[in-house]
Structure formats: structure tokens, C-alpha cells
Amino acid sequence: MFVDKILAKRLIFLSGKGGVGKSVLAATLAWMAARRGRRTLLVELDTIATIPLIFGKPGNGDSYRENPLAPGISCLHVDGKSGLEEYLQMMLKSRRFAQRVFRSPVYQYFVNIAPGLKELMAVGKLWDLEHKTGPAGRVPLYDVLIVDTPATGHTVSYLQMPLTAAGTVKRGLVRKEAQKVVDLLQDPVKTSFHIVTTLAEMPVNEAVELHATISTRLAMPLGCLFVNQVYPPFLAGADLEAYRAWEKEGLPEPGPDQPLSPEDPRIHERSILACAQSWRRRRETQKIQWERLRQGLPDSPLVGLPFIYDAESPMKLVQVLSETLENTDAGSPAISFAE
Amino acid sequence: MPDRRPFRLRSRAVTGLDLEALVRQKRILICCGSGGIGKTTVSAALGVQAALMGKKVLTLTIDPAKRLANSLGMAQLGNTETLVSREHFRRSGMKPAGSLYAMMLDTKHTFDELIERYAPNEEIKKNILKNRFYQNLSSAMAGSHEYLAMEKLYQIYLDGRYDLIVLDTPPTRHALDFLEAPGRVRAFFDRGISQWFLKPYLTMGRLGLSLLNRTSGTVLKLVERVTGAEFLRDVSEFVTGLADAFDIFRSRAEEVLHVLRGESTSFLLITGTERGALEEVSFFYRRLREAGLPFGGIVVNRVNVDPLTGRAGSLFSRAAVISGPLRESLAVFLREKTRLSVPATRKLVDNYHHYQSLFARDQAVLEEFTASFPAGIPVRVIPVLDEDIFDLGGLAKINSFLFAPGA
């Protein structure tokens, strides 16, 4: 099945403009992976900690520890500063001495001025997690890592750091580490990068730009283009004609002296029409963007996800989306603007 | 004609945010908020309105993505101030009494300008511009954006060529760094610590390390092991080359903070109705208060409103979301009244339910959100629009909500 192909990778990135639903989609993929019996880690790469909230758990806060969210799913908030401290602690061995180093003003100064070091350490942590083994030794601790990333521009500056470091630093551990990380990020067997967008002007622009950056500058393997929050098609054929006739006929203004009970359908009629008109306009707006997206990225496999408004909780939303994805085939993008 | 009075909540804990007064009185407006909630659009819309009000205004964005150009319907923006042409306004049916300029901050370019201005001599200038540490620092690294934005903002402010500057900041997490920028640059260019730690390295090489205390020495050795020795040499060259400029940088950073705290500046917090964005704004509000920075008000973008009246609080707040049996009788009613098929009437009623649910949800979210602020907090609401906003006409539509006269 289509989603199995996505989940076959070990390191799955999701990126796109803020507000397009990356975190919920990341949670959905994790949910589906866990249901397939795979040990899954959701990684928040320097984003606002919202993923635990989706699962109804408190946020990770500043703690740098894997947080169990559901059977088979843990979450880790990765930021560069903690990543660096963890790394140095490993090198320093003595915990107490490490604590003293981290408090030292020279260290603080260094951390603040070393450009990109924090970003490098954060991405380096992904390599570390991918290689982490369980208590038994050889078996990987996690089968799948799903990475929710910050807004597009910052995602690129994070993922670019290992490349920059491998290119500019000539010797030292940074150079060695950076190359390892670059190799993982560009590995088409293990890694794939998915773009998430909605059908609105700016998210579409960013998706097209991001696609170019990922495939050229970062040379990372691209996955799918998830098109989120798609409105259903408006009425068509005879129904569209009947709708137009109803719209044209005009609706009676409810006079102030005819009080109607809230149960009377007549007081809802104008609102039903207003909502229908809005639906039609939004669908048309989306159609324009859909065409722009098709034009900008003609070769990308598109996965359409419906606009869901009646999920009582984010977890319910995850379940509804995962059902949609379970029923999506690679051949059919599930959305069409043929009308 | 949709009703565009400022929205009212049952609790009446909010007042309408008077953006017109802010545009008239302030010289700097700073828009902060998390990503994806239309912050850039709001900044651009404020610029358009200021121009219509006769101001010479600059909208400055430091967002890495090219959103401002998008919002203004322009193809590209460089580090130069671009005038939005009268012709462009005219095509959207507007005739501004003032003028609108737009600019996107080019971090690298701004940093180079700074070095060129403050390097003590030609040789140091040349060395620094090709120093690898500097090149890394200046090209789009998180952290340097914020300082440079402040630097540019301050430069433009001092030049005095504009009546108003509207600044669109990067997504919140980084906008917070932006507040810390003056402090950070002070620490960065702190003569004491930088020389204490780097001078010995440059002048005495590794031998110098033994002169430091044990912890500092270890840190430097560690740094060397991690990054290689070239890195430290590059840092040394950079820091010592600019040593004399440090005092200037530091006092500039302090002046910037002074202007930000002053009467002529106001911070606007922009949010949507998603929990994450609202939480960021609450956090940001506390930070502004702690830092003694002037808070102007909150703009809530993309609020689901009553599609009939275009209002955030009205009909639906009184009528509960329609129940199952009522949905059934509405479908029957439509079927009798129109020639729509059974599935079509069901779709229309479901769609009505969809809008009502979203409206009710946003209503509840906003009630809860505003209740967490002091009473009378200034708030403006922009509804979800059916069309995309990507040209001046769209921005004018946004302004019809931002600047609607108070009720």
C-alpha cells in the first residue's frame, strides 16, 4: 500500500510553510507506523512543542528526554544547545566537570558565537538517534524517525549546516561528524523528505521553492507532496443548476415583527445559502492554487487530504487522516479539480 | 455589505484596537507572532493604510521567505527600498496621498556594510571580509538575523527619511532572539571576555591556554578538538580586528533598545486561532512586559465568522450549532423549496454545520484567550477570507477589517 512505501524509510522529514498542518500529519504518520508494530520516534526539530499536545500529553518543555506518547510512539524535542551539551558530556566523561564547563562564561560565549554550531548539533542528533540501539545491542532502538521541522526558511538553514560545515571546516571532529550526517541526509534508502502545503498562494510558493532547494542545494531524496485541507467539490450538473435557481430567486428578508423559533428552517435559509456561497468561492480559490501547484511541480506525486472540521480533538483528527491515508493508492492522488 | 464593527465577546473583556491612532502617532510598528498566521500580510496592509493616510512608509521584512514581495504583488524585493508605484495602486483603485516602500533585509549585505563602516583600516576590513568565521556568521545564520534587523531598523530610523517603519519579524521563536539582540550583541562584543579568552590564543598560541584557569583552558581545548584550530584562529582574527569597534557596536545596541522602549515604537502581536499560535502570543506578551517594551495590541487573523453577517460574534453565538434532528428538517425544507437532489441538500446542510462548528470553536477559543489578559486589552479580528490575499486589492480588504471605525 501507498503509505507503506512512505513508512519504509527510517528518517522521514516533513516541512512546509507554518500553519499547513505539518505537526498533525507527523503525528498521523507516527500513529500509522505504530499500528504497523514499528517503534516510532517523533522528533520536533526546534519547533514549538505541540506534538505531545496532539496526543493529549503535556509538552516536553525544555527537557531533553524521550517522552512516551502512545504505545509504540515517543517524542523528543531536539534543540541544538542540549544536543551540544550531550555531545560534550560524552567527550568529557565526568558529569560534574561537564556541568562546570557548561556554566563557565567562556563556554557560554563560545556557544553563542560559533555560527551554526547549535544547528549542526541538532541535525547531528538525528544521526545519533538513527544509530541508537536498544538494550540488546544490535537492534535499532527506533524503526522510524519522523521529523517535524520549523518554518521553511529555518528548516533549510538547519539542514544546510552539515553541508556548510563539511565544506568549510577542514579538520577536527566537526568535519568528521558533519560528513556522516550529510551522508545520512542524502541516503535515498534511509531518508525521504516530504513537503506539506495547503492550496493557498503563499504555502504553494514556499512548497515550490522548497522543492527546488531540497533537490538541488541540499541534494536530499524527495518524497511526496501532501496537499492538506482540501475542500470537497461543490455541487455539479443538475444540482448546480438547481442551486443557481435558488440563489437567483432571492430570499425573503426576515422581518423584525415575525419572530421565528430557532427550530424554524426559514431562519436558517439565508445562512445556509451564505455558507454555500463561501464554500463555492473557497473551492474556486483552491482550484487556482491547485493549478499553480501542478504547474510548478509537474512531476511530484501528490497526496490530497480533506479539510476536516468536525474532529472533536486533535487525536480524532489524526485518526480520520490516517483512515484517508490508508485508503490512498499511489496511482490516485485522491483529489481532483476536474469540475 | 458585511458588518465590520470590531468584534465583541460576551465577556466584553476587550476593546477595539485603534490601529489608525498607532499609524498616525508612531514611527516604528513591530509585528510579532508565530509563522503561518499572516504576519507579513498584516505588516504589508499596515503599510498600505499608512500610505493612504498620507505617510511616507517603509515595510521592512526579515523573514527568510519572500513573503512581502508576495503580499505586495511584486515580483522581487532586494536589500534596496522599492517604491510601490502609483500605477500599481491605481490598478487596485487606490490613490495614496503618501508613498509606500518595501524592503527585504539581506543579512549578508547589511553585515558587510557594518564591517565596511567600522573596520579601523583597509587591511583589517579586507581580512575580515574574507575571514571564514565572518563569512559563516554573516550568511543567514540563525541569531545574526535578529541583530542585523535591529541595526538596519535603527539606521533607517536615524536617517529620518520615513514617517513610519513597519517591521515584520521572523516567526516568534526567533523574534524572541530579536528582543535579546541588543543584550546578545553586548555580550558578543564584550571587550573584557572576548579578549580574555581570545587574545592569548592569538598571541601565544596553545601556550596561552595554560595561562587561563582550568575550566576555561579545557573549554578552549575542547573547542579546538571539536572545530579544529582554524576556527579559533578565525574567531581571534575577527574579534581582535574589530576590537576598537566594539564600543561603538555596544553603544549602538543600547541606543536601539532605548528607541524600542520609547514613545515612538509600538509592538503588535499577530496570531491565528490555533492553540500553538495563541500560546506564543501569550508568552510574547509577558516577555514584552518584562522587557519594558511598549505593547500596542493583538490582531487575530483568520477567525471563522458568521458567513451571513461577516461578524465574529452574533447570530451563531446565540443559536447553538444545529442538532441532528434540525439538520434533517433543514434538508427536507430545502428539498421542498428547491429542485436540489437529496444528496445535494444533505451536502449543503452539512456545509452549514461545518461553518457553524468552526465559528463556535473560534468563538470559544477567543473567549478563553482574551480572558487570560487584563480587561480591556485592545484586540482586532480579521475573518477567514474566501479569496487569497496576494495583491494590493487584497490588502485593502484586510484593512477594511483592521481600520473599521470602532463601535
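Mentor: Keep in mind that this is a predicted model. In chain B, 9 strands form an open sheet of mixed pairing, and their order is E1-E9-E8-E7-E2-E6-E3-E5-E4.

Trainee: Which are the edge strands of that sheet in chain B?

Mentor: The sheet of chain B is open, with E1 and E4 at the two ends of its order. An edge strand pairs on one side only, and in chain B this holds for strand E1 (14–16) and strand E4 (82–83).

Trainee: Which residue of E5(B) stands opposite Leu83(B)?

Mentor: E4(B) pairs with strand E5 (residues 99–104) of chain B in the antiparallel sense, over 2 bridges. Within E5(B), the residue that stands opposite Leu83(B) is Tyr101(B).

Trainee: What angle does the direction of helix H18 of chain B make with that of E8(B)?

Mentor: Two helices can be considered together here. Helix H15 (residues 275–290) of chain B packs on the sheet and touches strands E2, E7, E8 and E9 of chain B, its direction making about 160° with that of E7(B). Helix H18 (residues 342–371) of chain B also packs on the sheet, touching E1, E8 and E9 of chain B, and its direction makes with that of E8(B) an angle of about 165°.

Trainee: Turning to chain A, why is strand E2 (residues 40–45) described as largely enclosed by the rest of the structure?

Mentor: Side chains in a regular strand alternate between the two faces of the sheet, so each face has to be examined separately. On one side of E2(A) lie Thr40(A), Leu42(A) and Glu44(A), on the other Leu41(A), Val43(A) and Leu45(A), and all of these are buried. The strand E2(A) is therefore largely enclosed, the number of its 6 residues that are buried being 6.

Trainee: Which residue is the bridge partner of Leu41(A) in E5(A)?

Mentor: E2(A) runs parallel to strand E4 (residues 73–78) of chain A, to which 6 bridges join it, and there Val43(A) stands opposite Leu76(A). A further 5 bridges join E2(A) to strand E5 (residues 144–148) of chain A, again in parallel. In E5(A), the bridge partner of Leu41(A) is Leu145(A).

Trainee: Is Asn121(B) buried, partly exposed or exposed?

Mentor: Asn121(B) lies in the loop between helix H5 (107–118) and helix H6 (122–130) of chain B, and its side chain reaches the backbone nitrogen of Ile124(B) at 2.8 Å. Buried requires under 20% relative accessible area and exposed over 50%. With a relative accessibility of 38%, Asn121(B) therefore counts as partly exposed.

How values were computed. Residues are numbered from 1 along each chain as its sequence is written. Chains are lettered from A and ligands numbered from 1 in the order in which they are written. This is a predicted model: local features need pLDDT of at least 70, side-chain atom pairs count only at pLDDT 80 or more; totals for chains, interfaces and linings use all residues. Side-chain values use heavy atoms; hydrogens and water are left out. Buried means under 20% relative accessible area, exposed over 50%, partly exposed in between (1.4 Å probe, protein chains only). Helices (H or I, at least four residues) and strands (E, at least two) are DSSP runs, numbered from the N terminus. Two strands pair if DSSP finds at least two bridges between them. A polar contact is a pair of N or O atoms within 3.5 Å; within protein, one must be able to donate a hydrogen and the other to accept it, and residues adjacent in sequence count only if both atoms are side-chain atoms. Contact means heavy atoms within 4.5 Å. Axes are lines fitted to C-alpha atoms, for helices over the stretch in contact, and angles run from 0 to 180 degrees between N-to-C directions.
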